[in-house]
Every structure is written in C-alpha cells, then in structure tokens.
Amino acid sequence: MALTEYAHDLDTPVHPVSAPDYMPAEQLRALQLHRLQGLVRRVYDHVPLTRRRMEERGVRPEHIKTLKDISLLPFMLKTDLRDEYPFGLFASPMNDIVRFHCSSGTTGKPIVIGNTQNDILVWQNGCMRALAMCGVRSSDVMQVAYGYGLFTGGLGLHYGGEGLGCAVLPISGGNTDRQLMLMKDMGVTVIACTPSYFLHLIDEGMKKGIDFKRDMRLKHGVFGAEPWTEEMRAKIESLTGIAAHDIYGLTEICGPGVANDCAHRHGLHVFEDHFYPEIVDPETLEPLPDGEPGELVFTTLTRTGTPMLRYRTRDISRISAEPCPCGRTIRAIERISARTDDMLIIRGVNVFPSQIEAGLLSVEAVLPHYVIIVDKVGGLDTLEIKVEVTRETLSDDIKSLEALRARVAHAVQRIINISAKITLVEPHTLPRSEGKLRRVTDLRQKS
Ligand code: DLL
C-alpha cells in the first residue's frame, strides 16, 4: 500500500518515517509478540536477576505464547537498576556498547543505561517519528535546548532532528541571551526544551522587547521531560503563536521519543513496535484493560544493551481505548499528569501538583510561574502557593488584589478540595530552570 493511502494528521502528508505508525493492528500484534519472545530469551540468557526471578515463578521463555503471557513475567524497578549498578542489567557485552546515559534522581547512585548501536538507531527512530508527528520536516531549523550529556533530552532530539534532515542547532540548556539571539538571527522554526525553560525564554525575551509572534519564525515547540498541563499548553500557544507538542520518554526506556501527541491531541501515541505499554494497578500490579487509569509499564521490545522487561515507570496514565482520528494504529496514552511518587498527601487528601497548575492557570491574570510549599505547623499540614501575576494587576488597588487572590484560591480549591494560602508575587521573582523545574518544596520531610 502506498504511504499516501494511509490516513494522516489533518492536512500534513505522512512522512515516510511514520509508516510503522499506521501498520495494520493484527500485523503490529504479531510483530510485538515475535519481538517479545526474542527479548525474553535474551534477558533470560544474559541478565541473572531476571533469570532468577523467572525461575522463582516457574516461567521459561518458551511459555510466552501470546502477548497476554507478558503478565507471567516479573517487573523491573528503578531500585533494580540501583542495586545492579553499574552494569548488572546489561544484556550485551561491553564490546557492543557504544554509549551510556544516566539519570541521577535525588539520592544515591545514578542508574546507568548502556546503548548498543542498535539501541541508538531504535531511539533515533522513536525521536524521528515523534518529530514527524509534530509536523517537523527537513526544511526546519531546530534549536535543541535540552541538556546534552548524560541526560537523554539533548542527544535524543538531536539525533531525531538530524535523522529527519533538519538543520540542528545543538545549543544545550542555559545561556538564555544567546538562545534568544540565535533563535531570532537563524530563523529557528522548532524549539525543543522543557516547557518550563521555554516559559523562561519567553519571559526573558519579553524583557528585551522581543515579541515571539512578531520577531521569531518559530512554528513548533517539542516539550517534555516534566509534567505540564493543557492549561500550560494554552498559555504557551497564546503567548507565542506556536504549536506546543508533548513528547514523553524516560532514560530507562531510551529517553525522549517513547510517545508523542499527534495533531488531534487525544493522547500521546506510543511507538509500540519498540516500546510495549501496559497499565497496571499500582497496588495489586494486575494488568488493567485499555481505558483504565493506572501505572504505566514498558517493555523495550527491540533494545539489546540494557533491555527493560515490564519496567514500572511510576507515571500515571491510561491507554486510550478509542482509535485516534489521525488513523494511527499505535495506541495512545493519556498525557502524564502525575507520578505515583509525586502525589502529596495534605491533610489526608491526595493532591497532584498538576491539579494545582490547572486551577491556577484557569485565572486570566495568573502567569505560568508558581511554587508549592507544604509544611506542618502545630501538627497541621499547610499548603502555600506562591504565584506570579501580571504587573498591571499588582498595581491595582488592595480591594481588587484581594478579589484576585480569592479567585485564585477558589479556582485551586475547586479542584483539590482543600484550602491553600495564596501569595501573589511580582513577575520574575520565582525560580526558573534550564532543565526540569522542581516546583514543590515539602518541608514536612525535614521535621
Ligand atoms: O526526561 C527524557 C525526556 C527528555 C523526555 C526530553 C522528553 C523530553 P528522565 O530524566 O529519565 O528522562 O525522566 C523521565 O520524566 O518518567 C516522567 O515522570 C517525566 N516526563 C518525561 N516526559 C514527560 C512528559 C526524560 N511529556 C520522567 N510529560 C518520566 C510528563 C514527563 N512527564
């Protein structure tokens, strides 16, 4: 079948690299099973920890006869990567490893992922398909402002952009003045960075009198590596006129390019011919049917260096049960709005930072810069949210300011069901980040 016969994104012609996105579902399932069987054999033969766990369950590679049999297999966790640090989970000899990536986390040893040449190509394929899904083409000039190095954001998007034939500007994170100068002078059309860093770029640009709509040629933003909301997307798009796309991934699975949203924005399509997704109940670990929310689990069907079998991401999502109007047969996951480990329990109520963000940004005068501070005072949990608001509102009289504060407090409380102390602050006073931004400070852990 000619590629042009497949359904495609709105009026964007299908890029040849995207062909596997439209593979007939039956063919896709057969391919996944074939790849899963190969992967299970590989890890059974080469990864002692997984072999031991399979033996404890009485499971052997030949028991995997259907895709459903994946539930017979043991899970892998971040702690396994820490315990087996640095090379204990490698399934290929060092001779075949061509690159390491690490993710640090907050404490202890980093996790180490070894990539073979095959893995680099698989990863590049994911990033190329993600960028093609965003509408990025070889004529684009792409500024990669994710960090280069052990973090996967920079090199991942870099290889993706080069693979598509874009002109890539590998500037990495930081040096905001230079980012803005080159973006303007080189007519950059695609920016790839964290959404929080892009907000910082917009902000610094405004200070210099740069109007993104007027002075920049930007068309697309490829944003990920941290949670962000639809409300944040709307703010970014209205401030700059670009299309803001959501790209998802994690170091353990490769990096960015595991999933990406298409023009219909019904979720992020997973490149599931390489990265097989499951949703499990985080308590019972039972697999859940498509449509049910739970913890996202990935199996890397084609990776050979440090393959992951049923890796528990801690990210909360659901697999869409509905086909996407774009015609892709690869399934979509709901955007990642939370992790099981970033849920705050405040006065007994479960609160996710993304809910707070959605509440804040529903109020017009609020800027997309905020911090969340949780503390315990006299045995009682307290929640304070400091948020920047436009300079014009701050110069309003006390009464209107108080009314705005009450509106913000109400908008947040409506979503999280508990009250928060809201502090309105001047623009440019809260911390910014070149990479992932930590917006939450939980002081209770110290006491
Ligand atoms: O953040 C890889 C990446 C780089 C993804 C650039 C997208 C763009 P890690 O540092 O290992 O890898 O962090 C992975 O970040 O488990 C999620 O919790 C979170 N995350 C990544 N992308 C998104 C997203 C990279 N689009 C962890 N939305 C993941 C929400 C995201 N959270």
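**Entry 1: the helix α1**

I began with helix α1, residues 25-46, and found that its 22 residues reach 31 Å from the first C-alpha to the last, which is close to the 32 Å expected at 1.5 Å a residue. I note here that I am working from a predicted model, and I keep that in mind for each entry below.

Next I looked up which residues of α1 are buried, and the list is L28, Q32, L33, L36, L39, V40, V43 and Y44. Seen down the axis of α1, these buried residues fall within an arc of 135°, so they line one face of the helix. I wrote a reminder beside this: an α-helix has 3.6 residues a turn, so residues three or four places apart point the same way.

**Entry 2: the helix α2**

I then turned to helix α2, residues 48-57, where L49, T50 and M54 are buried. Their directions around the axis of α2 fall within an arc of 130°, so these residues also line one face of their helix. On the face of α2 turned away from the buried side I found the exposed residues P48 and E56.

Does the length of α12 fit what I would expect for a helix, or what span should I look for? I took residues 398-416, which are 19 residues, and at 1.5 Å a residue they should span 27 Å; the end C-alpha atoms are 27 Å apart, which agrees. In α12 the buried residues are L404, V408, A409, A411, V412 and I416, and because they cover an arc of only 160° around the axis, they sit on the same side of α12. The face turned away from that buried side carries the exposed residues K399, H410 and R414.

I followed the chain on to N417, which is placed in the loop between α12 and β19. N417 has a positive phi of about 70° although it is not a glycine, and at 61% relative accessibility N417 counts as exposed, because the cut-off for exposed is over 50%.

At 31% relative accessibility, H428 counts as partly exposed.

S433 lies in the loop between β19 (421-425) and β20 (440-442) as well. Is S433 buried or exposed? At 11% relative accessibility it counts as buried, since buried means under 20%. I then checked what its side chain reaches: the backbone nitrogen of G435 lies at 2.9 Å from the side chain of S433, and the backbone oxygen of K436 lies at 3.1 Å from it.

**Entry 3: the surroundings of the ligand**

A nitrogen atom of the ligand is 2.7 Å from an N or O atom in the side chain of D246, and a nitrogen atom of the ligand is 3.4 Å from a polar backbone atom of E226. An oxygen atom of the ligand is 2.5 Å from an N or O atom in the side chain of T251. The ligand has 610 Å² of accessible area on its own, and the protein covers 93% of that area.

**Entry 4: two single places**

I looked up M142, whose place is in strand β3, residues 141-144. M142 is buried, with a relative accessible area of 0%. M142 and A167 are 25 residues apart in sequence, and their C-alpha atoms are 6.1 Å apart in space.

Last, I checked the peptide bond that joins Y85 and P86, which is a cis bond with omega at about -5°. P86 has its place in the loop between α3 (78-83) and β1 (97-103).

Key:
Residues are numbered from 1 along each chain as its sequence is written. This is a predicted model: local features need pLDDT of at least 70, side-chain atom pairs count only at pLDDT 80 or more; totals for chains, interfaces and linings use all residues. Side-chain values use heavy atoms; hydrogens and water are left out. A polar contact is a pair of N or O atoms within 3.5 Å; within protein, one must be able to donate a hydrogen and the other to accept it, and residues adjacent in sequence count only if both atoms are side-chain atoms. Accessible areas come from the Shrake-Rupley method with a 1.4 Å probe; for residues, only the protein chains shown count as cover. Helices (H or I, at least four residues) and strands (E, at least two) are DSSP runs, numbered from the N terminus. The expected span of a helix is 1.5 Å times one less than its number of residues. Buried means under 20% relative accessible area, exposed over 50%, partly exposed in between (1.4 Å probe, protein chains only). The arc is that of the directions from the helix axis to the C-beta atoms.
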